[in-house]
Every structure is written in C-alpha cells, then in structure tokens.
Amino acid sequence: MQMRFESSWSLTLPRSALTPSKTTEFALNAQKRLGTLVLLAVLLGVLALASPDLLIRRTLFAACLSLLALSCILMSIAQRYNKRRTAMIATLSEFIANDSSPSFLADKNGEILSSNLTARKRFENDVDDTLSGMLKNTLANPSGIVFRLQSRADHEGSAREDLVTRRGHLRLAVHQAGAETYLWRLEDVPTAAQAADGPTLPMILVGRTNAVLYMNEQARKIAGGRVKTLDRLFKHLPVIPGTVCDVSGAEGLTRALVSEVDAGAGRRALYLLPPGAETMAKDGWNVFQDLPVPLLKISQEGDVQAYNRLAASLIGVALKDRVHLSELMEGLGRSITDWLGETLAGRAPQQSEFLRLKRTDKEVFVQVTLNRVTEEGVPALIAVLNDATELKSLEAQFVQSQKMQAIGQLAGGVAHDFNNLLTAISGHCDLLLLRHDQGDPDFSDLVQINQNANRAAALVGQLLAFSRKQTLRPETLDMRDTLSDLTHLLNRLVGEKITLTLSHDPVLEPIRADKRQLEQVLMNLVVNARDAMPQGGQIRIVTECTDLAEPLERDRVRVPPGRYVTVQVSDDGVGIPSDKLQKVFEPFFTTKRTGEGTGLGLSTAYGIIKQTGGYIFVDSTVGTGTCFTLYFPVLEASEVAAPVAREEKPKPAAKHGDGVILLVEDEAPVRAFASRALRLRGYTVLEADSAEAALKTLEDASLNVDVFVTDVVMPGMDGPSWVREALKDRPGVRVVFVSGYAEDSFGETQIKIPNSVFLPKPFSLNDLTDTVHQQLH
C-alpha cells in the first residue's frame, strides 16, 4: 500500500499577484531609500549654507532641491504601492475568511498580517505575532520549516510539505501573493489508513529507525496513549510480520497478530489484528470484542471463523461460526468466493466493496474492506465492516436526481427537434390540402397525416411538460371550482364499475396554477387509478388546507414550512411494488402492457406540478391501493387579485394584403413551408438561414420590411439578439418569434422587444398567416 497525499485546496490568483513586477520592486526600493535621500538632501542644504563660495552654494542648493523633489516622487510611489498592497491584503483576507483550514497572510519576515477564523480558533492558546510563534507547539522546528518553504516559494511561486506531528499528518502550503507577502495554509492530511473510506484496523506508521510516526485512534486505545518508539509497545524486537507478538497495552500485556504493509519512503504500516479465536479463548484477550469497528475473521474458503460484538449487531442473527460469507451478504455482481480468492492472491483490483446484507427485517448496506493476514503459515482474511446504508441512500438520491435532470434535458432537446420536424410535416400537409378537395381520393390520406402529426405534437407537449419547458398560463384558482368543472368528464372517464367521490375542505384557500394543465394532471391520476382497478372500486379525491410548522422531508424532497392546499387521489387498486415506486415519474416507464399506455402520464404530471411550484408524492401498498398527494402553496392575500375578464379580440379578416416579410429560420424544411404559406397569402417573403444573413440583407437601406418572422434558437446569433440589433435602424418593424421551446424560456427577453408576439411550433399554415396578419393590422 503506497501512501500518497493530495491537496484538495488550490489558490488561483492573477499572475501579477504571484510575481513582483518591476514597478513593485522599484516601489519597495523607493521605500527603503527614501530616508537616505532625505538625509542626503538635508546634508547638502547644510553644506550649502556653510559654504562661502556663491557658485558652490548654488550648486549644492540645486542638488539639495533635486534630491528633495526625487524624495517627493519616491514618497508618492511608495504611498500608491502601500495603498495597493493594503487593498490586496484585504482582498486575500476576504478570500480566506471562510476557508475550513487555518490560513494566514504573512510578510517576508513571518509577521502575520491577517488570519481567518479557523486559524484563530485553532491557535487561540498559541497567539503570536509571527507564523513561527503560532506553530511553536505544533511543529518541532517551525522557523526552519517556514524559511525552507518560503525560499522555495520565492523561486517557484508556491511550495508545500507534508509533516508528521503529535496530532497526526499535516500539510503546510505557501503561495507567494505579491511582493513580500505570502499566503500560508495548514491542512490536516489523512494517512493511507485514514484515507480509506470506512473504519480501519489498529495501525501504527513506523519510520526507518523504528520511530512511531503516527498511530490511529484504535491503536492508541490499545496502547493506552501515544508512544514514540516501537520498543515502548512491543516486548520483543524486531517485530516479525505474520506472527503473534506481545503488546504492552493499557490493560497490561496482550497479544496481537501483526500485519505489515509498505507505506512508501522507507515507512511501513503495522496492523494489530486479533490472533484468532483459539488464541483469544486461551489468553482471554478482549480487545477484539471491544474494538469500535465490526470485524470478521474469514478462512480461505470464505467461512467465518470469528467475529466481534459490533459485527454480530450489524449483520444480525444469521451471523454464526462456520457460516459462509455468501450466506450473509450479496450484491457483488460476481462470486464472493472468487473475490476472496483474488484478495488472498493479491490480485483484487480493490480491497473494498459495497454489499447488501441478507437481512429480512430491514435493508442494510455494508462496506467490506479485506485485509490479508497469515497465522502460523495459513493465510486468512480480516474483514472490516462499515454500515453504508445512509451512504448508499444518498448515492441513490444523487443518481436519481442526476438521472431525472438528464432525462429532462434530453426530453426538452428531443421535443425541440421534433417540433421542427412536425412543423414541416403538418405545414406541407396543409399546403397539399389546399390543392385537394374532399372528393379527391388523396384527401382522406392527407387528413390522416395531419391528425397524426397533431397527435405527435401532443406527445411532444408531454415531453416538454416533464422537462418543465412548456408555456404555462397561471391564474388564481379555487380547487373546488376546478374539480366541479371537471367532475362530469372524470365520471365519464372512470366508467360504470368505479365510484368517484370528492371531499372538500370547507375553507379552501386559492392557489396559482395553469387551469388547463392542472386538469390534465388530475385526469392522468384518475385514469391511472381506474386502470389499477379492472374489477371496479372507489376513487377518492380529497382537498384540504394543511399547515406545515416544520419542513416536510420525504422521497428526497424538502417541502418548506408554510400553508398548502393538498389534493389526494387514492384508489383501492393493485398497488405499486416498492422497487418500482421511485420510477413511476420517469418518462416511458409503465407497468401497463404494450399499447395500453405511453408511460408519459405521471411524468407529465410531475413536470407540471414542479413547474407550478408544487410537490407530488406517492404512497402505495401492493394489494391495498395507491395514493398520490399534491401540495400547492397557498396564494397570499396580497397576491389575490380579482379575475379580469378577458377581452375577446375580434379575429382578423380572412383576406390578407401586401407586406414584406423577412423570414429567418435555420431549418430548411420549416423555412420552405413558411415561405410558401406566406407567399400564398400575397406577402413578399425574403428568406435568410441565419441571423447574420438577415442582418446582411437589412444593410440595404432602400429595402422596406414590415414584419420579422424569426426562429428563437439558431446557431450563432439567436433570434432576440439579431432583432434588437435590427430594430436600432428599423424601430417600427413588428416581430413574430417562433420556437420549438416554451415561451417562458425567453419570455423576459421578448418582453423587452416592442411589438413582438410568440408563435410556438408546430404551427399550421393558418396559425402562421393569421399571426402575421394580426401583426400587420
């Protein structure tokens, strides 16, 4: 085992802050020589006054004034340098203020200019003006170490050194942070045994001269404290690896099996292991049982030969003598016997593995670290266990979060590309329909293409809902009114075998959500509940107001305290198995048979609820039923506004007039359809495949353009950017933005562009031409 130390901290400063510039060196020299120049000027002045010769007196006075002028210039330079240095020290002090390791700013003489809170707390009993004084009770020779590191930093810009102290391993690092200013940082460094995740065996790090460089906590407990040399711990020297040795411990003489591992640089790590069950019974050595880590002794064949109390508590009743390790744990992905054999042979790629215990009462994960030992010539393994249940839970949460984020980004990107394709398909289908009447044999085929393109657009809309990139139209809602309007449709959806019951809180406060999307969520949940009860049953929808005094934490989500309107949709169906419960919100995951569902219903609900600012949870028991609970923040009284009646805008006349349209679209099929559609309505269309091409076209000052129709997301300059540039010279031109993404993704940008509207893809021929007509009129 090779011991390596790697710093987890780095400092990035401007190059000019690391190496003194010529100006800085000049300023430093000016400070040093300022007094000399002033003194010399005074001396010349005195000599001038004392000289009888007029010419000499004038010459001396001229030299005196020159030196005084030079002194003033140097003083000014020195003052500016001091101001800059003071500002730099303040900046660096702010930089290190929240560092978790002790950090200092010091000058070239080691005088401390600034220190962070961690340093002041750690060295509160060793307060001193110098860095060496601060470290006098930490390092054996702080002055020599500080000088050595500072000299290296002067040549290389930075330096660091790993040191062994009474408190363990430390790393002292220094960075040159300006002329005669140094940034020092002290960091606790784990040893190789400490760096391994999970608990470790008692370990002693020994140098070439048998000096004890480090002892971990378990070793200090056995020895009764820190020892400096091996002869204070072992009765007989030299210590022979693989043999049982007498150890002078806190409770007298004990015996331990010694295992040695090369630690690099002439150092070696000695592990104190239990000498075996037989030796323990004979000598009455209780250290094995009392060690603060779960331990197993395993034979070459994988049978448990001995274990301590913590191991028995962790593994449970299944742990007993001669039981094979594979009967206690699983999840390695290969044979446990092979893993043990590879470790014994020294071929294992890693000593530590995460396994799942075969406990029936609860789910427990353990990290198992194997250490090879030899007792009386027979190899065996000592397994150090660590309860990794919480770690695996956090890992699962992180993986789930990353997976949902990745799927959301993928869904949004796929939806954008599909919207472009569907715009071209449905648009060219509209163009064909203009040339075919209902009596034409191809008319029905074209209608089928159009309808299926619309269905595909609805599917893409669900992807956008999951990725939270759809356009929402939030309004103030009363959940009772929303459900009342939806009841008739829901009763038709559930059929005659199922009873739908609604229960409302008498005092239900308003929320803010998109009514159409919220109805979609409720419909999806009710349809799923119906499908879970093929033989019939009851679906219950319950609404109520809930006050959360404390944060609600469940399913890897934290709901902050506050007042919420909750909606529960529960059924008496078949339920969802626990291993599938956390996957129900993933796109395309479904337990239904092929053709019965897309797997997008719950993912759509999840996206809509999250985009609304709410929360959705699911509870389910196989054979009993499922309950989905939705949380919506209550709308504050100050936010509730009386609903404003929508002003019905009269639809524009069907006829279209003349106008010049600049169409900017990077997708050739979409551009071809939009261009033909607009020309069919009598407009003059100028085409551009990029923002840069559009701006090039507009360089012709004689060209009159009435409307810009532009895609939002394009390679190079995007739609809003080039439109803002174009409007500087043509402020009266109106704009139609089209995009396969949601309007909200650039809504703030659009608001800042006057006379602009948004048209989502996919759009039909009439959608495009009517929108342009509205902008012109």
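This is a predicted model: local features need pLDDT of at least 70, side-chain atom pairs count only at pLDDT 80 or more; totals for chains, interfaces and linings use all residues.
## The loop at S101

S101 lies in the loop that links α3 (54-96) to β1 (103-107). Its relative accessible area is 10%. The cut-off for buried is under 20%, so S101 counts as buried.

Strands β6 (residues 203-206) and β7 (residues 212-215) run antiparallel, joined by 3 bridges. L205 has Y214 in β7 as its bridge partner.

Between the two strands of this hairpin sit 5 residues. N210 takes a positive phi there, near 70 degrees.

## The open sheet

Five strands form an open sheet with mixed pairing, in the order β18-β20-β23-β25-β24. On average, neighbouring strands are turned by 15 degrees against each other, direction ignored.

β18 and β20 (residues 537-548) run parallel, with 7 bridges between them. L502 stands opposite I541 in β20.

## Helices on the sheet

Helix α15 (residues 479-494) packs on this sheet. It touches β18, β20, β23 (562-570) and β25 (625-633). The direction of α15 makes about 175 degrees with that of β18.

Helix α16 (residues 515-531) also packs on the sheet, with contacts to β18, β20, β23 and β25. The direction of α16 makes about 170 degrees with that of β25.

Technical notes
Residues are numbered from 1 along each chain as its sequence is written. Side-chain values use heavy atoms; hydrogens and water are left out. Helices (H or I, at least four residues) and strands (E, at least two) are DSSP runs, numbered from the N terminus. Buried means under 20% relative accessible area, exposed over 50%, partly exposed in between (1.4 Å probe, protein chains only). Two strands pair if DSSP finds at least two bridges between them. Axes are lines fitted to C-alpha atoms, for helices over the stretch in contact, and angles run from 0 to 180 degrees between N-to-C directions. Contact means heavy atoms within 4.5 Å.
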